[in-house]
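Here are my notes for your first look at this fold. Please keep the model open as you read, and take the points in order.

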Amino acid sequence: MDPKGPERLSEILSRLFAARGWGRQQDRLHLERAWAEAAGAEYAAITRVGGMKRRILEIEVKGAIPLQELSQFHKRGILERLRQAMPGTTITDIKFRAGT
């Protein structure tokens, strides 16, 4: 008989999610939803979340003009909305790059 007693279901599920990578998938979906909301429908349609590296969000943008608009005029506002939408995630900057 195990001296610890029965294992909690939450602990079992936590290990299962980690083993299957489901936690990372959920984090990615949450980040993509937050980006779409923060960027707005117009920019969400022409961008794609590339990933997070060292707390910098990488966004691929279709087209040179929208890339310039996002990086020059909208970056600060979008970054602030992202921070509000994802309080447990530290995002220090957004890096826009040309995408296909």
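**Notes on the fold**

1. From the N terminus on, the protein chain runs α-α-β-β-α-β. That order holds three helices and three strands. Helices (H or I, at least four residues) and strands (E, at least two) are DSSP runs, numbered from the N terminus.

2. A word on the source. This is a predicted model, where local features need pLDDT of at least 70, side-chain atom pairs count only at pLDDT 80 or more, and totals for chains, interfaces and linings use all residues. Residues are numbered from 1 along each chain as its sequence is written, and side-chain values use heavy atoms, with hydrogens and water left out.

3. Start with the sheet. It is open, with three strands in the order β1-β2-β3 and mixed pairing. Two strands pair if DSSP finds at least two bridges between them. β1 (47-53) and β3 (93-99) are the edge strands, and each pairs on one side only. Neighbouring strands are turned by 25 degrees against each other on average, direction ignored. Axes here are lines fitted to C-alpha atoms, for helices over the stretch in contact, and angles run from 0 to 180 degrees between N-to-C directions.

4. Now take the two pairings in turn. β1 and β2 run antiparallel and are joined by six bridges. In this pair, methionine 52 stands opposite leucine 57. β2 (residues 56-62) and β3 run parallel, with seven bridges between them. Here isoleucine 59 faces phenylalanine 96 across the pair, and glutamate 58 stands opposite lysine 95. In a regular strand the side chains alternate between the two faces of the sheet.

5. Look at the turn between β1 and β2. The hairpin has two residues between its strands. Phi of arginine 54 is positive, near 55 degrees, in a residue other than glycine. Arginine 55 also is not a glycine, yet has a positive phi of about 65 degrees. Is arginine 54 buried or exposed? It counts as exposed, because its relative accessibility is 82%. The cut-offs are under 20% relative accessible area for buried, over 50% for exposed, and partly exposed in between (1.4 Å probe, protein chains only).

6. Contact means heavy atoms within 4.5 Å. β2, α3 and β3 make a right-handed β-α-β unit. Right-handed means that, with the strands pointing away from the viewer, the path from the first strand over the helix to the second runs clockwise.

7. Zoom in on isoleucine 78. Leaving aside neighbours within four places in sequence, it contacts Trp35, Ala38, Ala39, Leu70 and Ile94.

8. Why is β2 largely enclosed by the rest of the structure? Five of its seven residues are buried. Across the protein chain, 25% of the 100 residues are buried.
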